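Welcome! Please take a moment to look over the sequence and the 3D structure, and then let us walk through them together.

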Amino acid sequence: MPKLFLLLIFIVIASCSKTEENVPLTTPTAQISVDKLVRKASLINQDIPFRILNEAGVDVTDLATFYVDGEAVVGSSFSSSAIGDFEVYGVYMEDGVEVTTNTESFSVIIPKRKIVVEDYTGTWCGFCPRVSAALTSLHQETDDITVIAIHETANSFDDPMHFDQVQILKDAFNVEGFPAARIDRNTDWQNPHPNSDVTSIAGLETNLALAINSELEGSELTVQVNVVYEEGSILGDKLVVYLLEDGIINGQVNYYNEDSTSPFYNLGDVIPEFEHNEVLRNSLSSVLGDEIPVTGALTEYITSFTITVPSNYVTDNLSIAAIVVDSNNSAKNSQFAHVDEDKAYE
């Protein structure tokens, strides 16, 4: 008897991204194929529809009885009023033979806050390494963060990672001198950038969640972002989606070369092979975000983008940052995922 696969899928709300005065570098597209897509996590009381495709690709959901943790459910969906991990399989008749699918696992969760930390920086900025050191320390303490490094060329000092729309961000968030570090976009992370400013709020329960799924085929990258609210979307909320790159090696001016207390002591007043991570490369949405349409409680909003990845990007080092912001551009929650990763609600 052939082995069949049970897919937990969700209804996709297709959307198109609007632009502000800045034009996004991507085009909204249809969602990523659900052939192998399983909703790994859902919120409390959120409907979780089940679907079975046989080997011929025929939808046989209506023929099946579904069992969650060994108990039959009514219809082809399930929800839970409590968090936990579950297993589901389906049973149906085909050509007079009873077929049992493989068992799939899924979770019901309460969303947690993933804090956005942004580093306004430049290779010419001698004090900027201190924020890099703070971010390294922060990464060691928590995974509940989404870090974005925003580079700018200054005067005659070229920065090869310069982000073309950096001035829009600087104007929106009152960034003047570099380095400048921001928590959830609008809060100044002041020197000496204590971890506790972030860790005290990272991982707290919240009322909305984001998921990211992306596929890279050749140089064409498709990114799908899911957003769900416990009580429905809030008017004025926007979705920001960025493409980041790690592992970029470039010289970095270093004013801490003679500071024996610094991790950059004696590395040179220009560190020749400084590793730049989480560098903002492109904005898939409008740089300040695309409006999230009105959606009901526990109803997913899903949108997707495509971009042709420039040949000078190292595709193995690319990642996606997705942020929900309010009407004042303050981050409410975020998600981070590597390219080709299916990152569920957390």
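Which residues does Lys114 touch, not counting residues up to four places away in sequence? They are Asp143, Asp144, Ile145, Thr146, Asn333, Ser334, Gln335, Phe336, Lys343 and Glu346, where contact means heavy atoms within 4.5 Å.

## Before we start

This is a predicted model, in which local features need pLDDT of at least 70 and side-chain atom pairs count only at pLDDT 80 or more, while totals for chains, interfaces and linings use all residues. Residues are numbered from 1 along each chain as its sequence is written, and side-chain values use heavy atoms, with hydrogens and water left out.

## The chain as a whole

The secondary structure comes to three helices and 25 strands. Here helices (H or I, at least four residues) and strands (E, at least two) are DSSP runs, numbered from the N terminus. Of the 346 residues in the chain, 53% are buried. Buried means under 20% relative accessible area, exposed means over 50%, and partly exposed is in between (1.4 Å probe, protein chains only).

The accessible surface of the chain is about 15,700 Å², and carbon and sulfur atoms account for 48% of that surface. These areas come from the Shrake-Rupley method with a 1.4 Å probe; for residues, only the protein chains shown count as cover. If you take the contacts between residues at least 6 apart in sequence, 73% of them join residues at least 24 apart.

## Back to Lys114

You can find Lys114 in the loop between strand E10 (104–109) and strand E11 (115–121). Lys114 counts as buried, because its relative accessibility is 8%.

## Two nonpolar cores

A nonpolar core is a set of buried Ala, Val, Leu, Ile, Met, Phe, Trp, Tyr and Cys residues joined through side-chain atoms within 4.5 Å. The largest one here has 25 residues, and Leu221, Leu239, Val241 and Leu243 touch the most other members. Two or more residues come from each of strand E15 (208–217), strand E16 (220–229), strand E17 (238–245), strand E22 (301–308) and strand E23 (318–325). E16 gives the most to this core, with five residues.

Leaving aside neighbours within four places in sequence, Val241 is in contact with Val223, Val225, Ser283, Leu284, Ser285, Phe305, Ile320, Ala321 and Ala322. Apart from this core lies another, of 24 residues, including Ile150, Leu280, Ala331 and Phe336.

## One disulfide

A disulfide is a covalent bond between the sulfur atoms of two cysteines. In this model it is counted as a pair of cysteine sulfur atoms within 2.5 Å. The structure holds one disulfide, formed by Cys125 and Cys128 with their sulfur atoms 2.2 Å apart. The torsion about the S-S bond of Cys125 and Cys128 is about 90°, so the disulfide is right-handed. Cys125 is buried at 4% relative accessible area, and Cys128 is buried at 1%.

## Salt bridges

How many salt bridges does a search of the whole structure find? There are 11 salt bridges, each a side-chain nitrogen of Lys or Arg within 4 Å of a carboxyl oxygen of Asp or Glu. One of them joins the side chains of Asp184 and Arg113 (2.4 Å, N to O). This pair links distant parts of the chain, 71 residues apart: Asp184 is in the loop between E13 and E14, and Arg113 is in the loop between E10 and E11. Both Asp184 and Arg113 are buried.

Another salt bridge brings together the side chains of Arg51 and Asp59 (3.0 Å, N to O). Arg51 is partly exposed, with a relative accessible area of 22%, and Asp59 is partly exposed at 41%.

## Backbone details

Two cis peptide bonds are worth a look. One joins Phe178 and Pro179, with omega about 0°, and Pro179 lies in the loop between helix H2 (166–172) and strand E13 (180–183). Another joins Asn191 and Pro192, with omega about 15°; Pro192 lies in the loop between strand E14 (187–188) and helix H3 (196–199).

Asp340 has a phi near 70°, a positive value in a residue other than glycine. Asp340 sits in the loop between strand E24 (331–338) and strand E25 (342–343) and is partly exposed at 48% relative accessibility.
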